[in-house]
Amino acid sequence: MGVEVVGAVGRWEDFASFMVPRKPGAGGCVCVVYRNSSLDMGGRITLMRGLCEREPGPGVLAYVDGEVAGWCSIAPKASYRALVNSRTIPHVDDAEAWSAVCFVVRPGFRRRGLMHDLLNGAVEHARAMGATVVEGYPVDPDGSRIDQTSGYVGTVALFEAHGFERVQRTTGRRGGKQRWLVRRELA
């Protein structure tokens, strides 16, 4: 299985192929909720299309043998309105922080470890864009399983496997499980 993770700039069609709802009038976040949850679907699509046109872009895409297979939203923390204004996610010296907030792996590509590839690629993308620290806000399943909807933020174990360290518990929860602020300093 050949996996390549690249920035989403110039790849709107690939992003849209699995992140934009197909049915007119359907709901969905289009990975904009952290950026601006007040937008309707048309506004979300327009915003994300625009972000895919310029650096640093809205995140990274994973390709398996040339086919788009997954997504990770990674960008400067300041670009995520929901994080800047959050009452549940703490702020710890985050003026220059980048945040990895969302993972999506397409059906048919799950259970292959792509979230690891996506996180590695997201960190490298942030580093290439000048980031000095990356944060995540994963859930700690504490040995139990979590559902796919709750797991979109990643797990503490995923982030720790890639050099992130727990900094602080958040007051946020996903699927009834505790979320943590984790960080990795980039050399």
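Okay, housekeeping. The model is predicted, so local features need pLDDT of at least 70 and side-chain atom pairs count only at pLDDT 80 or more, while totals for chains, interfaces and linings use all residues. Residues are numbered from 1 along each chain as its sequence is written, and side-chain values use heavy atoms, with hydrogens and water left out.

Let's begin with the pocket. Rolling a probe the size of a water molecule over the atoms shows where empty space is left. On a 1 Å grid over the protein atoms alone, a pocket here is an open set of points where a 1.4 Å probe fits, with protein on both sides within 12 Å along at least five of seven lines. The largest pocket comes out at about 810 Å³, where volume is the space filled by probe spheres set on the points, joined across faces, edges and corners. Its lining has 22 residues (an atom within 4 Å of a point). R110, M115, I146, Q148 and G151 are the ones nearest the centre. At least two lining residues come from each of β4 (98–105), α5 (114–128) and α6 (156–160); those labels are DSSP runs, numbered from the N terminus, with helices (H or I) of at least four residues and strands (E) of at least two.

Next, helix α1, residues 12–19. Its buried residues (under 20% relative accessible area, 1.4 Å probe, protein chains only; exposed is over 50%, partly exposed in between) are W12, F15, A16, F18 and M19. They pack against α3 (41–51), β2 (59–64), β3 (67–76) and β4.

On to charges. Side chains of opposite charge can pair when their charged atoms come close. Six salt bridges turn up in the whole structure, each being a side-chain nitrogen of Lys or Arg within 4 Å of a carboxyl oxygen of Asp or Glu. One of them is K77 with E135, at 3.0 Å between the closest N and O atoms. That pair links distant parts of the chain: K77 is in the loop between β3 and α4 (81–84), E135 is in strand β5 (133–136), and they are 58 residues apart. Both are buried.

Then there's E185 with R183, at 3.7 Å. Here E185 is exposed, because its relative accessibility is 57%, whereas R183 is buried, at 10%. Another bridge joins E160 and R166, at 2.8 Å; E160 is partly exposed at 36%, and so is R166 at 35%.

Q178 sits in strand β7 (177–185) and counts as buried, because its relative accessibility is 15%. A polar atom of the Q178 side chain lies 2.5 Å from the backbone oxygen of T170. Beyond four places in sequence, Q178 is in contact (heavy atoms within 4.5 Å) with residues including P138, V139, D140 and R169.

Last one: Y152, in the loop between β5 and α6. Y152 and C102 are 50 residues apart in sequence, yet 5.4 Å apart C-alpha to C-alpha. Past its neighbours within four places, Y152 also touches Y34, V101, F103 and R174, among them.

Notes. Polar contact = N/O pair within 3.5 Å; in protein donor to acceptor, adjacent residues only side chain to side chain.
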